[in-house]
Structures are given as C-alpha cells and as structure tokens.
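Dear colleague,

Here is the structure I promised to hand over, with the sequence alongside. Please look through it first, and then read my notes below.

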Amino acid sequence: MKMSGIPFGTTDWSAVERTEHPGETGVAHWRTRHFGDIRVRMVEYSPGYLADHWCEKGHVLLCLAGELHTELADGRTFVLTPGTSYQVADGAEPHRSSTAVGATLFIVD
C-alpha cells in the first residue's frame, strides 16, 4: 500500500457517522473515513455477531476490545483479543468473523 496525497490530520471517531451492517446474526456498526484509496474504519460488533459472507478483501485489523473469532475457508480459526491483530492480502484467504461477547476493531483496507 502506498500512501500519498494525505495531509496530516486527526480523527475524532465519536464524531464520524455510524452506519449499520447486519450480519447473519447480530449487527456491525461502522464509522468510516476514506483517505484516497484507503478505507479506515472503527467497527463495533454486537454480541452474537456472525458475518453474512466470506470476505476476500485484504485488511490490517487491530482488536481494541472484546474478542473476535476469525474463520478461514480452509477451516483454520483465530481468536483476537485486545492488542492483537491480523493482516491478510486481497484475495489471499477467504475469511469471516464472529463474536460471542462483542468486539471493537480498528481496520485499514
């Protein structure tokens, strides 16, 4: 990822409009900013959330609160807790997320 043409700035995430994205179960609330081709999100998953699709988009994802379970299409699973992250390239490994207790994530893609 090459970042260019983005002047220094700060973001007050509480002031960014929140959008709702239902999962197969539960809901995700996104606060999204775009900087050129880069999308940056603060995402809150409700307890009981299960994604309604397998994602093939690349991300760098940091868990800020809660616990996130990520399942890969090949059957592997990973658990993120506060302070842990994952990264995956576009088209590398289809993945989907779920959480029993809820989670807050910071995502760059």
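**Aromatic pairs, a pocket and a sheet**

Phe 106 is partly exposed, with a relative accessible area of 26%. Please keep in mind while reading that this is a predicted model, and that the values below were computed from it.

When the whole structure is searched for aromatic pairs, two are found. In one of them, the rings of Trp 13 and Phe 106 have centres 5.9 Å apart and planes at 85°, and because an angle over 60 degrees counts as edge-to-face, the pair is given that name. This pair links distant parts of the chain, since Trp 13 lies in the segment before strand S1 (18–22) while Phe 106 belongs to strand S10 (residues 103–108), 93 residues apart. Trp 13, with a relative accessible area of 17%, is buried, because the limit for that word is under 20%.

Tyr 45 and Tyr 49 form an aromatic pair as well, with 4.4 Å from centre to centre and 40° between the planes, and this pair is described as tilted. Tyr 45 and Tyr 49 are both buried.

If you sort the lining of the largest pocket by residue type, you will find 10 nonpolar, five polar and four charged residues. Several strands contribute to this lining, and at least two residues each come from S1, strand S2 (27–35), strand S3 (38–45), strand S5 (59–66) and strand S9 (95–99).

Strand S9 also takes part in an open sheet of four strands, whose order is S4-S9-S6-S7 and whose pairing is antiparallel. Which strands stand at the edges of this sheet? They are strand S4 (49–50) and strand S7 (77–80), and each has a single partner strand, so one side of each is left without a neighbour in the sheet. Further in, strand S6 (residues 68–72) pairs with S9 in the antiparallel sense over four bridges, and you can find Leu 72 standing opposite His 95 in S9.

With best wishes

Methods
Residues are numbered from 1 along each chain as its sequence is written. This is a predicted model: local features need pLDDT of at least 70, side-chain atom pairs count only at pLDDT 80 or more; totals for chains, interfaces and linings use all residues. Side-chain values use heavy atoms; hydrogens and water are left out. Rings of Phe, Tyr and Trp (its six-membered ring) pair if their centres lie within 6.5 Å; planes under 30 degrees apart count as stacked, over 60 as edge-to-face and the rest as tilted. Buried means under 20% relative accessible area, exposed over 50%, partly exposed in between (1.4 Å probe, protein chains only). Ala, Val, Leu, Ile, Met, Phe, Trp, Tyr, Cys and Pro count as nonpolar, Asp, Glu, Lys and Arg as charged, and the others, Gly among them, as polar. Two strands pair if DSSP finds at least two bridges between them.
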